[in-house]
Amino acid sequence: MGCGAHKQSQGLSPQLRQKALEIFQKIDVNNSGSIDKDETQKFWKTNFAKVNTHALFNAVDFDKSGQITEDEWMAFWEIVKKSGYSDKEIFEELFLIFLYNQLDNLMEGKAWVQFRKVDEFVKRDQMRKKSQVKQIVEDNSKRKSILQQQDQQQNN
């Protein structure tokens with residue numbers, strides 16, 4: 001495999017991770033570290049708030065708790081990347097719409113985009129003895145803890 005395959009197997013770029021985190025924080029209006037369906041429905045600014053919320057929770061609420069944690073949210077984007085989407089494709093699909101000019105689609109609460117490859121990945125994962133989704137969520141939790149420790153060290 002060439003360098004393209006290697007690049008695709010890497011995680012999200014720091015810029016895309018930051019953008020995904022910003023969106024999560026915008027939805028999480030009470031800063032609880034998780035989002036629920038009420039917060040999500042308020043976030044969407046269209047007539048399809050319930051439909052968008054349902055699609056989002058079906059895709060991202062891996063443990064079906066009715067809450068999407070920051071770890072689940074970030075794990076979802078890692079799975080999108082691992083499913084073969086490039087950072088550019090993720091950015092274009094989620095954050096930009098091309099009508100008359102480029103608008104920050106998800107940041108403005110417009111619509112949720114389905115990722116068929118991710119849906120397939122999660123369905124296959126449910127049949128595995130050892131869940132890759134669960135491992136990705138745990139890895140993101142560890143990554144967040146490391147980053148928080150680094151921030152604390154820099155602030156001290």
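Colleague: Where does Lys-42 lie?

Modeller: Lys-42 is in helix H3, which covers residues 37–43. Please keep in mind that this is a predicted model.

Colleague: Is Lys-42 buried or exposed?

Modeller: Lys-42 is exposed, because its relative accessible area is 69% and the cut-off for exposed is over 50%.

Colleague: How far apart in space are Lys-42 and Val-29?

Modeller: Their C-alpha atoms are 9.6 Å apart, while 13 residues separate Lys-42 and Val-29 in sequence.

Colleague: And Asp-28, where is its place?

Modeller: Asp-28 sits in the loop between H2 and strand E1, the latter being residues 34–36.

Colleague: Buried or exposed, that Asp-28?

Modeller: Asp-28 has a relative accessible area of 4%, so it is buried; the limit for buried is under 20%.

Colleague: What does Asp-28 touch?

Modeller: Leaving out residues up to four places away in sequence, Asp-28 touches Gly-33, Ser-34, Ile-35 and Glu-39.

Colleague: Let us step back to the whole chain. How many helices and strands does the chain have?

Modeller: There are 8 helices and 4 strands in the chain. Read from the N terminus, the order of elements is α-α-β-α-α-β-α-α-β-β-α-α.

Colleague: What share of the residues counts as buried?

Modeller: The chain has 156 residues, and 40% of them count as buried. As for contacts with a separation of 6 or more, 59% are between residues 24 or more positions apart.

Colleague: Which residues does UniProt list for "domain: EF-hand"?

Modeller: The UniProt entry, which is unreviewed, lists residues 15–50 and 55–83 under that name. In the model, residues 55–83 are 66% helix and 10% strand, with 18 Å between the end C-alpha atoms.

Colleague: Now the helix packing. At what angle do H2 and H5 pack?

Modeller: Helix H2, residues 14–27, packs with H5 at about 140 degrees, and their axes are 10 Å apart. H2 is therefore oblique to H5, and the crossing is right-handed.

Colleague: Which residues make that contact of H2 and H5?

Modeller: From H2 come Arg-17, Ala-20, Leu-21, Ile-23, Phe-24 and Ile-27, and from H5 come Glu-70, Trp-73, Met-74, Trp-77 and Glu-78. The contact of H2 with H5 comprises 8 nonpolar residues, 3 charged and no polar ones.

Colleague: What about H5 and H8, at what angle do their axes cross?

Modeller: Helix H5 (residues 70–82) and helix H8 (residues 132–155) cross at roughly 120 degrees, their axes coming within 8 Å. H5 is therefore oblique to H8, and H5 passes H8 in a right-handed crossing.

Colleague: Which residues meet there, in H5 and H8?

Modeller: On the H5 side, Glu-70, Asp-71, Glu-72, Met-74, Ala-75, Glu-78, Ile-79 and Lys-82 take part, and they meet Val-133, Ile-136, Val-137, Asn-140, Ser-141, Arg-143 and Lys-144 of H8. By class, the contact of H5 with H8 has 7 charged, 6 nonpolar and 2 polar residues.

Colleague: With which residues is Glu-78 in contact?

Modeller: Apart from neighbours within four places in sequence, Glu-78 contacts Gly-11, Leu-12, Arg-17, Ile-136, Asn-140 and Arg-143. Among them, Arg-17 belongs to the H2 side of the contact with H5, and Ile-136, Asn-140 and Arg-143 are in H8.

Technical notes. Residues are numbered from 1 along each chain as its sequence is written. This is a predicted model: local features need pLDDT of at least 70, side-chain atom pairs count only at pLDDT 80 or more; totals for chains, interfaces and linings use all residues. Side-chain values use heavy atoms; hydrogens and water are left out. Axes are lines fitted to C-alpha atoms, for helices over the stretch in contact, and angles run from 0 to 180 degrees between N-to-C directions. Helices (H or I, at least four residues) and strands (E, at least two) are DSSP runs, numbered from the N terminus. Angles under 35 degrees count as roughly parallel, over 145 as roughly antiparallel, 65 to 115 as roughly perpendicular and the rest as oblique. A crossing is left-handed if the near helix is turned anticlockwise from the far one by less than a right angle, and right-handed if clockwise. Contact means heavy atoms within 4.5 Å. Ala, Val, Leu, Ile, Met, Phe, Trp, Tyr, Cys and Pro count as nonpolar, Asp, Glu, Lys and Arg as charged, and the others, Gly among them, as polar. UniProt positions are given in the numbering used here, feature names are shortened, and annotations may be inferred rather than shown by experiment. Buried means under 20% relative accessible area, exposed over 50%, partly exposed in between (1.4 Å probe, protein chains only).
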